[in-house]
Amino acid sequence: MPQQYQIAQQAFDALIEDARDALGLATRHQTYTVIEAVLITFRRRLGPDDVLIFADGLPVLLRAIFTANWSPDEHRPHFGSIAALEDEVAGLRRHHNFAPHGSIAAVAGAVRRHVDAERFDRALARLSPEAREFWRQ
């Protein structure tokens, strides 16, 4: 069994704790919602091939969150301004979302600290400049 599957929960727990601290949140549930919102906000802007390319650069549990409930036919808005993207992140489950200003950068930094950097960068290199910019923190 590949190691990434054997240690998936421990790796995800470490990411959640790191992101919680970076976001200044109190709970794992709040942190999960913000991470999920950042991933969905990003995914909405990718075509089907790019979704799969990016997913391949993620650790197992992030990959599952990123692709959960995904439809290849979903609307694909443009990346737009960081302010608009942050508003979209905060809009996912609005009454249960505690996304602070700067959530995208905080999550991007935490994700980068918990991925295989070479694999993640290789996936990003195959995406648009706007997609690569989204993950720059």
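Which residues lie nearest the centre of the largest pocket? In this predicted model, local features need pLDDT of at least 70 and side-chain atom pairs count only at pLDDT 80 or more, whereas totals for chains, interfaces and linings use all residues. Residues are numbered from 1 along each chain as its sequence is written, and side-chain values use heavy atoms, with hydrogens and water left out.

Gln4, Leu58, Pro59, Val60 and His114 lie nearest the centre of the pocket, among 18 lining residues. A pocket is an open set of points on a 1 Å grid over the protein atoms alone, where a 1.4 Å probe fits, with protein on both sides within 12 Å along at least five of seven lines; lining residues have an atom within 4 Å of a point. The largest pocket holds about 260 Å³ of space, a volume filled by probe spheres set on the points. Helices H1 (3-6), H2 and H5 each supply at least two lining residues. Helices are DSSP runs (H or I, at least four residues), numbered from the N terminus.

Gln9 lies in H2. Gln9 is partly exposed, with a relative accessible area of 42%; buried means under 20%, exposed over 50%, and partly exposed in between (1.4 Å probe, protein chains only). Its side chain makes a polar contact of 2.8 Å with that of Asp13. Such a contact is a pair of N or O atoms within 3.5 Å; within protein, one must be able to donate a hydrogen and the other to accept it, and residues adjacent in sequence count only if both atoms are side-chain atoms. Gln9 and Val60 are 51 residues apart along the chain, yet their C-alpha atoms are separated by 9.1 Å.

The largest nonpolar core has 41 residues, of which Phe42, Phe54, Leu62, Phe66 and Trp135 touch the most other members. A nonpolar core is a set of buried Ala, Val, Leu, Ile, Met, Phe, Trp, Tyr and Cys residues joined through side-chain atoms within 4.5 Å. H3 gives the largest share, seven residues.

Helix H8 (residues 117-125) buries Phe120, Ala123 and Leu124. Seen down the axis of H8, these fall within an arc of 100°, so they line one face; the arc is that of the directions from the helix axis to the C-beta atoms. Exposed Glu118 and Ala125 sit on the face turned away from the buried side. At the start of H8, a side-chain oxygen of Asp116 reaches to within 3.1 Å of the backbone nitrogen of Glu118.
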